[in-house]
Amino acid sequence: MDWERILTLVAGELFAPTTAAYALAAIGLNIHFGLTGLLNFGQAGFMLLGAYGFAVSTIAGYPIWLAVLVAVACSVIFALILGIPTLKLRGDYLAIVTIAAAEIVRIVGRSTALTDVTGASSGLRGDSYKATFQALSPLGDGSTALGPFSYSNSSSNSWWLRIVGWLLVALACVLVWRLLRSPWGRVLKGIREDEDAVRSLGKNVYSYKMQALVLGGVIGSIAGIIYVLPRAVQPDSMGRPMTFWVWTILLLGGAATVFGPVIGSMVFWAVLMLIKTVMREVVPSTVLRAEQIEQFGWIIVGVTLMLLVIFRPQGMLGDKKELAINVR
Amino acid sequence: MRRATSMDRSPLTRATVLAALAAMLGLVLATVGPGGTAAAQTVACAPDSGTACITGTLRTSAGQPAVGVALEVAGPGGEQQVTSGPDGRWSLPVTEAGQYTVTLDEATLPAGETLRDPANNPRTVTVSLGGVAAALFPLGTPTGPAAPSGGATGDGDAPPPATGGEPGLDNTVPGTASGGGVNWDRVAQQASAGLVFGTLLALASVGLSLIFGTTGLSNFAHGEQVSLGGILAYVFTQLVGLPLLVSGAIAVALAAASGYLQDAAIWGPLRKRRVGMTQQLIVTIGLAVTLQYVFQFFFGAGSLRIVRSNPETVALGPILITQQSLISLGIAAAALGGVSYFLVATRVGRATRAVSDNPALAAASGIGVDGIVRMVWTIGAGLAGLGGVLMGLYLNATAWNMGSTLLLLMFAAVTLGGLGTAFGALAGSIVIGLVVELSNLVIPSDMRYAGALVILILVLLFRPQGILGRAERVG
């Protein structure tokens, strides 16, 4: 077995753009669930909307800052639409509505009626919207090797994207860290623990929940942009499974912590890569086909999610006493 | 705070439900009058003000004309047969506008040829007088719906080849069509399709609602119980080779057993540990993910056809419906009637509703709550399995993601009817079925599930307790 190649692949996952994108999405979800206790099962919908908003407006000829602004605006509107009917109701209504709304985004995006805009189920090619982001890169053309890792400087799955992606993750971590200690963050945590108590103190719970939903959704939409920059916008690859991986990442790392989502994302993708590459080496292809190994990896993720929630709901970094996940 | 079923609360409600059941049975028992059969014609067809043509050209995967392939066209103008000519062309004149179902007899295809998209046979075309409607059947290797792998593998630049899609979302169901104008015949056709779809959906959602009512759990893995039923039916008909009725019965029995085992192995112990409802909800999601990939692992990501023969259609007035759908409708109505009788008229059924109303009080008055919950899981999973078998037949194929696609429609139905009320789920499902199929008249068919989900959001906005729910439990 070629351990050097396997370990290089696994270590590469630790700082891959996809890992950064999932970490960002999990940070957004952390604001929803970890801080406020909102059950958002539509994080992939925010990501897909962000991706569409960015890609479609770039293809329409907008500069990059405007395209990002469009993506953010899409997610703000989406959060408002989701929040207005559900934030006054019990928690699991929000779960059902968010998962349904994310599906609506995907179904409408992949519909043949919108082929001109979204490319229907085959999606939008990466080349059609990457140019503005790559033009910002100060690294120039060519590729650079750093130890065993060799990536291109600016195009697609590049060093430039890694730098920007992880800078955004760091910024989001600082934001969450400040929020956790701000009066605003304390109100959110109060809502998570006992909504009625906060209401009796004269706080507008509905408005606070809405602010949290919008903020987490905006971070989710930026995660969506990072996610699609090295690949294509493909509605079917950003469906419910994506939301569930984000949840697994958050619960693995530890909800209501600053670094939980980041650690969770790194461990999730590195371990998944380790399992898959080792199985590809060990198991002959006559026993398991390549896609079966892929599916086996996801089965392990599903089982992990179940076991985590039952036996260690606080995850790797969390504090069991702080986080009492339950429906109010 | 417990939610309550309101089954006994309003006699009006029960009357409505019984009326709906009676209407469904009536449709089943209605006369089965086949349309007049016209003589087979192979003359070339020219459209004029009184006739229209349905035509097509069949080419093999190598591009050669496919000669002598038999096709059958059924619709308002009667039934006609045609075979493709030496140039692979076929055409048929019809003298009445409307929807025609074109069925290609796969046995008559040239040796080694298959349909590229078996789910697209039979296909429906809309014909207007003076026009030509094309019904194309591409030949080649079948391309089943590929899985949205959902992962972050392959950081490729180009989008992967267009993936297929989801059962029921991308395949048109026989007897339904999209696009075109709105006329009464089409409305009737879509409404009947909606009624069938809604009734089959109700089988799945009643179980979801009962489980929510008795345990308070929103079971996101209920869709996989539906997939399980469909896949088991596929296993026993196609892999074991049993007749459909027997394998369907085995599938339902095994699905019910899976519900019993699931409660014994997972949910019962979790209730004992007093694991919170949100945690249990996330566990159901983990279970759903696990089961989806287990199905994919063993049966692949393509679609699985439970039966290979093509269903025969019958005409009821302006409505075209397959015999299979009529029989499914009958079975579903009987099963739902049985469950209703059980809940309303038997002692155990009353105990179930008592647990649903208030488990603590039910336990205090001597009802074995755990036993009732176990039974509800068994019945719910069995009904979902039956729904999966029938839905797999109705949609022409089942697949690993059939249930998860339907899950949100079930939730929409259950929420619309009032979470936790069994009869609400039934009424909600029929409304959702009608909405899904009727919305086909005005929006593209691959968006039709989105319409039902929009209703879900609107219901929560204006009447969060649903049609039959009680207002006070919300909030």
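## Starting from one residue

Does V414(B) count as buried or exposed, and how many C-beta neighbours does V414(B) have inside 10 Å? V414(B) counts as buried, because 33 C-beta neighbours lie inside 10 Å, and 20 or more are enough for that label. Keep in mind that this is a predicted model.

V414(B) is found in helix 10 of chain B. Setting aside neighbours within four places in sequence, its contacts are S205(B), L208(B), S209(B), L419(B), A425(B) and G428(B). F297(B) is another story: 117 residues separate V414(B) and F297(B) along the chain, and their C-alpha atoms are 31 Å apart.

## Chain B as a whole

Stepping back, chain B contains 12 helices and nine strands. Of its 475 residues, 53% are buried.

## Where the two chains meet

Chain B puts 50 residues into the contact, and chain A puts in 60 residues. On the chain B side, the elements giving two or more residues are helix 5 (277–299), helix 10 (402–417) and helix 12 (448–462). Helix 5 of chain B has the largest share of that side, with 15 residues. Sorted by class, the side of chain B that touches chain A has 32 nonpolar, 15 polar and three charged residues.

## The nonpolar cores

In soluble globular proteins, nonpolar side chains tend to be buried together. Here, the largest nonpolar core has 205 residues. Those with the most contacts inside this core are L24(A), A51(A) and A100(A), along with L203(B), L409(B), A412(B) and L456(B). Helix 9 of chain B gives the largest share of the core, 15 residues.

A100(A) is a handy one to look up in the 3D view. Apart from neighbours within four places in sequence, A100(A) is in contact with L408(B), F411(B), A412(B), L453(B), L456(B) and I457(B). There is also a second, separate core of 21 residues, and its members include A52(B), V94(B), V127(B) and F137(B).

## A kinked helix

Helix 4 of chain B runs over residues 244–272, which makes 29 residues. From its first C-alpha to its last it reaches 40 Å, close to the 42 Å expected at 1.5 Å a residue. Look for a kink of about 45 degrees, centred on D263(B).

D263(B) is also one of the buried residues of helix 4 of chain B, and others include S247(B), G248(B), A251(B) and W267(B). The buried residues of this helix pack against helix 3 (222–239) and helix 9 of chain B. After helix 4 of chain B comes R274(B), with a positive phi near 55 degrees.

Start with helix 7 of chain B, residues 347–357, where T352(B), R353(B), V355(B) and S356(B) are buried. They cover an arc of only 155 degrees around the axis, so they sit on the same side of the helix. Helix 2 (184–215), helix 6 (323–345), helix 8 (359–364) and helix 9 (369–394) of chain B are what these buried residues pack against.

Helix 7 of chain A covers residues 127–135, with Y129(A), K130(A) and F133(A) buried. Their arc around the axis is only 105 degrees, which puts them on the same side of helix 7 of chain A. D127(A), A131(A) and A135(A) are exposed on the other side. Helix 3 (43–59) and helix 4 (64–86) of chain A are among what covers the buried residues of helix 7 of chain A.

Notes: Residues numbered from 1 in each chain as written. Chains lettered and ligands numbered in written order. Predicted model: local features only at pLDDT ≥ 70, side-chain atom pairs only at ≥ 80, totals over all residues. Buried ≥ 20, exposed ≤ 12 C-beta atoms within 10 Å, placed from the backbone. Helix = DSSP H or I, 4+ residues; strand = E, 2+ residues; numbered from the N terminus. Arc of directions from axis to C-beta. Contact = placed C-beta atoms within 7 Å. Nonpolar A, V, L, I, M, F, W, Y, C, P; charged D, E, K, R; others polar. Core = buried A, V, L, I, M, F, W, Y, C linked by C-beta atoms within 7 Å. Expected span 1.5 Å × (residues − 1). Bend = angle between axes of the 7 residues up to and from the residue.
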